[in-house]
Amino acid sequence: MSALQITQKPLPYVRLAALTETVASQPEVAAVVGPLFDRVADAIIASGGEPGLPIAEYDMNKHGVRITAGFVYDGPAVDGIVIVELPAVDAAFTATHLGTMARIDDSWHAVNQAILANGSTAVGACREVYLQSESEDQADWVTELQQPVASS
């Protein structure tokens, strides 16, 4: 894997058709996030819609990790699915993770180290935008990591 390029940029407002679930700890995320995406995609398609770009938001808090998984969506309400509005963010550290989710923790660690080295502070939930996520083995996946920040 090539060196991770980390940049700082604003994030746009995003409207998702999504579902949310909370797990007790980070290791439980992998077993939950995929099925959440599947349920949302199935509901959108069943309603005659088309799922857009998949995005997950992860909010770590005292209860565990709140996972919001959904698709960019500008259509009408879908039964059983909630509309989630991710606000625009003035500044975020971002990086593009290539390949399997088994190594994504290393990429997130590098992003967090860059935030600290810059004198910034991570604020709010982080996002993963799955730019390419079709293959079962995840070898060719392309995921943009996004962590909103505040300057110190």
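Me: Is E144 buried or exposed?
Reply: E144 is buried, at a relative accessible area of 13%. Buried means under 20% relative accessible area, exposed means over 50%, and partly exposed is in between (1.4 Å probe, protein chains only). Keep in mind that this is a predicted model, where local features need pLDDT of at least 70, side-chain atom pairs count only at pLDDT 80 or more, and totals for chains, interfaces and linings use all residues. Residues are numbered from 1 along each chain as its sequence is written, and side-chain values use heavy atoms, with hydrogens and water left out.

Me: OK, which side chain does E144 meet in a salt bridge?
Reply: That's K9, with 3.1 Å from N to O. A salt bridge here is a side-chain nitrogen of Lys or Arg within 4 Å of a carboxyl oxygen of Asp or Glu.

Me: Where do K9 and E144 sit in the chain?
Reply: K9 is in strand β1 (residues 6-11) and E144 is in strand β9 (residues 142-151), so the pair links distant parts of the chain, 135 residues apart. Strands (E, at least two residues) and helices (H or I, at least four) are DSSP runs, numbered from the N terminus.

Me: Switching topic, what does T94 touch?
Reply: Leaving out residues up to four places away in sequence, T94 touches Q5, I6, T7, K9, L11, E144, L145 and Q146. Contact means heavy atoms within 4.5 Å. T94 lies in strand β6 (residues 89-98) and is buried, with a relative accessible area of 2%.

Me: What about pockets, how much space lies in the largest one?
Reply: About 1,000 Å³. Of the 34 residues lining that pocket, V33, Y58, M101, Y130 and W141 are the closest to its centre. A pocket is an open set of points on a 1 Å grid where a 1.4 Å probe fits, with protein on both sides within 12 Å along at least five of seven lines, and lining residues have an atom within 4 Å of a point.

Me: Which element gives the most to the lining of the largest pocket?
Reply: α1, with seven residues. The elements supplying at least two residues each are α1 (29-46), β3 (54-61), α2 (104-117) and β8 (126-132).

Conventions. Points joined across faces, edges and corners; volume = space filled by probe spheres on them.
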